Structure formats: structure tokens, C-alpha cells
Amino acid sequence: MSQQGTEQQVDGEFIVDTENCEERERTHRERGTARPITVVGNPVLHRECKDVTEFGDDLARLVDDMFASQRAAEGVGLAANQIGVDLKVFVYDCMDDEGVRHVGVVCNPVLDELPAESRVLDDSNEGCLSVPAAYAELPRPDVAVVRGQDAEGKPVAVRGTGYFARCLQHETDHLYGRLYIDRLSKRDRKDVLRQMAEGTPRYETVPND
């Protein structure tokens, strides 16, 4: 999703992803290598990714590369298929509406179905690193809970509100083959693709042949 060291600790049901953010993100990023971003039209973005079943060195290296790629593209969230890898894993480095920074990784994410009375729709602008230089309003619930596993295979649950909730929903969508523009009306989708065609990505992308 695009923006307008110490391990995470679990506090009750939800992981605490707000501590040592700078150190944890920097450690991943400095070990990793930034990769170019795949853009809309690339087949890997338009199908459900494979489950993560191996939680070892290869996954750890992928997570490091994802943090490096996310920082290079100035994003707040990145799914593995956005760098061409067909696995259900995303990373995030995202502020919530209160200005609190959240940093983490989720493998095999599944969003909770939250009761309607516990959420309201937020129709803020949304962008995507895989749809560069384009934005559109998209209503999404202002609260999200995603459950999955961390990079070591341990169960995790992450709760987000506001902009961070949007990020969690956006990245989970990616891993099931859905971009945010797939949730737009035909007219709004056409406008976003026009913006993308007329814009210039600020980061390296993979051209679609």
C-alpha cells in the first residue's frame, strides 16, 4: 500500500507491534535487497497466492527483502506478490490515525468478519504501489483484525484502526488476488488506470510484456 532486532511481543490476544519499530524495521531492511514492484496486469497479482508452509531461512530472507523494497518504494505495506513472489505474506510499516507507528509481518492472513455495529465505513483515498501514481476514494471498515502466523510460524493476531485498518485489509486483499481497484466502480477504476498511465512511478517497477 502506498502512502499519502527486537521481536514483537504479544499482549493478550493481539500482538504488540508498536515497540522498537525503528530498530526492527532497520534490521530487516539492512539485511534485505530492494526488488522492483510488480504492477497491475502482472499475473501474480491477479490470483490467490500459495500458503506459507516453510518457516525457515528462505522466508526470513524474503521478509528482509520485502522491508527493503517497501522502504525503497516509500510504502506503508507490501505483499509478497508485489515483488513477484507467490506466497501469502505481507509486511507493514504504517501509522494509525493517532500517529502511532506499527511494524510487523503476517503470513497466511485471514481477516475477521467484524459485526457491523463495531465498525463504520471510512471513504478515504487509497493508493497502491502496484498501481503507481494513482488514488481513489474507497470505503472500507475503520477497524480490522487479521489473524495468521509470524515469520517463525507462531500464531499472531493484529488489530488496526483508521489508516492502519485500511492497510491490513489492502495487503490481505493482495494475497487473495484482489487489488483495491477491483473494488471500485468501472468508472472509478478507469480513472485510476488513466492516472497511472499519465503518471511516473517514483520507484523501480517490473514492466508487463
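Let's start with the sheet: 5 strands form an open sheet in the order 4-5-6-11-12, and their pairing is antiparallel. Strands here are DSSP runs of E with at least two residues, helices are runs of H or I with at least four, and both are numbered from the N terminus. Two strands pair if DSSP finds at least two bridges between them. At the edges sit strand 4 (77-79) and strand 12 (155-161), each of which pairs on one side only. From one strand to the next, the twist averages 30°.

Before going on, a word about the source. This is a predicted model, in which local features need pLDDT of at least 70 and side-chain atom pairs count only at pLDDT 80 or more, while totals for chains, interfaces and linings use all residues. Residues are numbered from 1 along each chain as its sequence is written, and side-chain values use heavy atoms, with hydrogens and water left out.

Back to the sheet. Strand 5 pairs with strand 6 (residues 101-111) in the antiparallel sense, over 7 bridges. If you want a place to look, find Val89: its bridge partner in strand 6 is Cys107.

Now, what lies across these strands? Helix 2 lies across strand 4, strand 5 and strand 6, and runs at about 40° to strand 5. Helix 3 lies across strand 4, strand 5, strand 6, strand 11 (143-149) and strand 12, at about 165° to strand 5. For these angles, axes are lines fitted to C-alpha atoms, for helices over the stretch in contact, and the angles run from 0 to 180 degrees between N-to-C directions. Contact, by the way, means heavy atoms within 4.5 Å.

Next, please find the aromatic rings. How many aromatic pairs does a search of the whole structure find? The search finds 2. Rings of Phe, Tyr and Trp (its six-membered ring) pair if their centres lie within 6.5 Å; planes under 30 degrees apart count as stacked, over 60 as edge-to-face, and the rest as tilted. Phe90 and Tyr92 make a tilted pair, at 6.2 Å centre to centre with 50° between the planes. Tyr92 also pairs with Phe164: the ring centres are 5.2 Å apart and the planes are at 50°, so this pair is tilted. Tyr92 lies in strand 5 (residues 89-95) and Phe164 in helix 3 (residues 162-175), so the pair ties together parts that are 72 residues apart in sequence. Phe90, Tyr92 and Phe164 form one aromatic cluster.

Buried means under 20% relative accessible area, exposed means over 50%, and partly exposed is in between (1.4 Å probe, protein chains only).

Let's move to the helices. The axes of helix 1 (residues 21-31) and helix 2 (residues 57-72) come within 7 Å and cross at roughly 100°. That makes helix 1 roughly perpendicular to helix 2; angles under 35 degrees count as roughly parallel, over 145 as roughly antiparallel, 65 to 115 as roughly perpendicular, and the rest as oblique. Helix 1 makes the contact with Glu25, His28, Arg29 and Arg31, and helix 2 with Val63, Asp64, Phe67, Ala68 and Arg71. By class, that contact has 3 nonpolar, 1 polar and 5 charged residues. Ala, Val, Leu, Ile, Met, Phe, Trp, Tyr, Cys and Pro count as nonpolar, Asp, Glu, Lys and Arg as charged, and the others, Gly among them, as polar.

Strand 8 (residues 125-128) and strand 9 (residues 131-137) run antiparallel and are joined by 4 bridges. The hairpin has 2 residues between its strands, and Gly127 stands opposite Tyr135 in strand 9.

Strand 9 also holds Ala133, which has a positive phi of about 65° although it is not a glycine. Most residues other than glycine have a negative phi. Ala133 counts as partly exposed, at 34% relative accessibility. Asn20, in the loop between strand 2 (14-16) and helix 1, has a positive phi as well, near 55°. Asn20 is partly exposed at 39% relative accessibility.

One last stop: Gly177, in the loop between helix 3 and helix 4 (186-198). Gly177 is buried, with a relative accessible area of 15%. Leaving aside neighbours within four places in sequence, Gly177 is in contact with Leu45, His46, Arg47, Glu48 and Asp182.
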